[in-house]
Amino acid sequence: MLIKTMAGVLVVALAAAGSAVAAECSLPPDAVAGKTVSNQCKACHAFEADKPSRPTAPTIHDVFGEKAVVRKDFPKYSEAMTMASGKGLVWTEDKIFDYLADPKAFLTKFNGTDLKNAMFFQLKDEQKRKQVIAFLKAIKGKPECN
Ligand code: HEC
């Protein structure tokens with residue numbers, strides 16, 4: 001009986017250890033570099049899957065591959081972003097790449113009209129853009145990565 005109980009405890013302990021390992025974030029190398037780049041975004045954006053959007057910007061943990069205007073808890077999307085979403089803008093690699101270089105120019109071109117945009121930040125460096133996109137792609141659906 002005692003042995004059975006101890007075996008039970010051991011199974012529980014192993015299961016707990018197993019889930020702790022599974023919850024560790026592992027990223028491909030380009031995404032690891034992108035995590036460093038994402039520090040520049042963190043002035044405004046939260047990257048934790050379970051964090052609400054900050055007043056400054058929407059949480060973007062799961063933005064990759066989604067239609068623009070992802071977060072219902074961010075009330076301040078600009079006119080330009082709202083229109084682009086209505087026109088079907090989806091955050092693929094190419095779209096994020098162009099958006100980050102110059103958000104206003106990107107949205108003006110996408111919409112065909114120059115409306116107010118809200119992201120006053122540009123990331124010109126191509127490699128850093130590719131890396132941060134690799135990071136966004138890798139963390140999508142993985143709450144243990146941020
Ligand atoms: C100065 C603050 C600021 C910084 C820094 C910033 N952003 Fe943003 N970002 C915003 C705001 C505000 C919006 C909403 C834009 C709008 O509505 O026009 C936004 C929107 C976005 C969106 C679209 C979100 C959605 O819900 O559709 C993506 C993707 C994004 N940012 C990525 C990034 C990445 C990646 C970085 C870093 C490389 C970054 N941003 C840096 C403020 C910022």
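User: What is the make-up, by class, of the shell around the ligand?

Analyst: The shell around the ligand holds 22 nonpolar, 5 polar and 1 charged residues, where Ala, Val, Leu, Ile, Met, Phe, Trp, Tyr, Cys and Pro count as nonpolar, Asp, Glu, Lys and Arg as charged, and the others, Gly among them, as polar. This is a predicted model, in which local features need pLDDT of at least 70 and side-chain atom pairs count only at pLDDT 80 or more, while totals for chains, interfaces and linings use all residues. Residues are numbered from 1 along each chain as its sequence is written.

User: Which residues are the closest to the ligand, and which helices supply the shell?

Analyst: Of the 28 residues that surround the ligand, the closest are C41, C44, S78, M81 and A118; a residue is counted when its C-beta atom, placed from the backbone, lies within 6 Å of the molecule. Helices α3 and α4 each supply at least two residues of this shell.

User: What makes A118 partly exposed, and where in the chain does A118 lie?

Analyst: A118 lies in the loop between α5 and α6. It has 18 C-beta neighbours inside 10 Å, and because a residue is buried at 20 or more such neighbours, exposed at 12 or fewer, and partly exposed in between, A118 counts as partly exposed. Beyond its neighbours within four places in sequence, A118 is in contact (C-beta atoms, placed from the backbone, within 7 Å) with K76, Y77, S78 and M81. Its C-alpha atom is 8.4 Å from that of P103, 15 residues apart along the chain.

User: Why is A57 called buried?

Analyst: A57 has 20 other C-beta atoms within 10 Å, and therefore counts as buried. A57 lies in the loop between α2 and α3, and, leaving aside neighbours within four places in sequence, A57 is in contact with C44 and H45.

User: What makes the buried residues of α5 line one face of the helix?

Analyst: In α5 (residues 103-111), P103, F106 and L107 are buried. Seen down the axis of α5, these buried residues fall within an arc of 90°, so they line one face of the helix. An α-helix has 3.6 residues a turn, so residues three or four places apart point the same way. The buried residues of α5 pack against α3 (79-86) and α4 (93-101), and α5 is followed by G112, whose phi is positive, near 75°.

User: What is called the largest nonpolar core, and which element gives the most to this core?

Analyst: The largest nonpolar core has 23 residues, and A84, F135 and L136 have the most contacts inside it; such a core is a set of buried Ala, Val, Leu, Ile, Met, Phe, Trp, Tyr and Cys residues joined through C-beta atoms within 7 Å. Two or more residues come from each of α2, α3, α4, α5 and α6 (126-139), with α6 giving the most, 7 residues. Not counting residues up to four places away in sequence, L136 touches I60, V63, F64 and I96.

Terms used. Helices (H or I, at least four residues) and strands (E, at least two) are DSSP runs, numbered from the N terminus. The arc is that of the directions from the helix axis to the C-beta atoms. Two residues are in contact if their C-beta atoms, placed from the backbone, lie within 7 Å.
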